Amino acid sequence: MYYICNYNEVNHLMEKLQTSPKAKTHRELKLPRRFHVVFHNDDTTTMDFVVMVLQVVFFKKESEAQALMMAVHLQGRASVGIYPRDIAMSKQEKATKMATKAGYPLKITCEAE
């Protein structure tokens, strides 16, 4: 079966297809979920060790690390930072390994915002 087409018709259709605006699809980008890294108080871990972990792992200044350590001590727990999930889990793991290696039972958790 053969179709007989007029060259002008084909040319007109091609121009129409090439010049028509393409449908744009919009995707809404969502920010990644953020997680609190929470230190929990215990009777064994020293305050100096908690301050050192906050400085080494979480890059807190001495004064901020002291304030966070006191918040953990007085309130029983405190959020020491808010990060995307992967970073929060990485920091939690690193700090927990440091505590375990030093012989402290420091409990650190990640909680969704």
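**Overview.** I counted secondary structure to start with: the protein has 4 helices and 3 strands. Going along the sequence, I read the pattern as α-β-α-α-β-α-β. I'm noting here that this is a predicted model. The protein has 113 residues, and 28% of them are buried. I also looked at contacts between residues at least 6 apart in sequence, and 71% of those join residues at least 24 apart.

**Helix α4.** Which residues of α4 are buried? I found Ala88, Lys91, Gln92, Ala95 and Ala99. Looking down the axis of α4, I see these buried residues within an arc of 100°, so they line one face of the helix. They pack against β1 (34–40), α2 (47–56), β2 (77–84) and β3 (107–112). On the other side of α4, I have Asp86, Lys97, Thr100 and Lys101 down as exposed. Just past the end of α4, Gly103 has a positive phi of about 85°.

**Core.** Next I went to the largest nonpolar core, which has 23 residues. Those touching the most other members are Val37, Phe39, Val53, Leu54, Phe58, Val80 and Leu106. Two or more core residues come from each of β1, α2, α3 (62–75), β2 and α4. I followed up on Leu106: leaving out residues up to four places away in sequence, it touches Phe39, His40, Asp42, Thr45, Phe49, Val50 and Ala99.

**Salt bridges.** How many salt bridges are there in the whole structure? My search gave 4. One of them pairs the side chains of Glu111 and Arg77, at 2.7 Å from N to O. Glu111 is in strand β3 and Arg77 in strand β2, so this pair ties together parts 34 residues apart in sequence. Glu111 is partly exposed at 27% relative accessible area, and Arg77 is partly exposed too, at 38%.

I also looked at Glu93 and Lys97, whose closest N and O atoms are 3.1 Å apart in a salt bridge. They sit 4 residues apart in α4, which means about one helical turn separates them. Glu93 counts as partly exposed at 44%, while Lys97 counts as exposed at 54%.

Asp86 and Arg85 form another salt bridge, at 3.7 Å from N to O. Asp86 is exposed at 58% relative accessible area, and Arg85 is partly exposed at 46%.

Notes:
Residues are numbered from 1 along each chain as its sequence is written. This is a predicted model: local features need pLDDT of at least 70, side-chain atom pairs count only at pLDDT 80 or more; totals for chains, interfaces and linings use all residues. Side-chain values use heavy atoms; hydrogens and water are left out. Buried means under 20% relative accessible area, exposed over 50%, partly exposed in between (1.4 Å probe, protein chains only). The arc is that of the directions from the helix axis to the C-beta atoms. Contact means heavy atoms within 4.5 Å. A nonpolar core is a set of buried Ala, Val, Leu, Ile, Met, Phe, Trp, Tyr and Cys residues joined through side-chain atoms within 4.5 Å.
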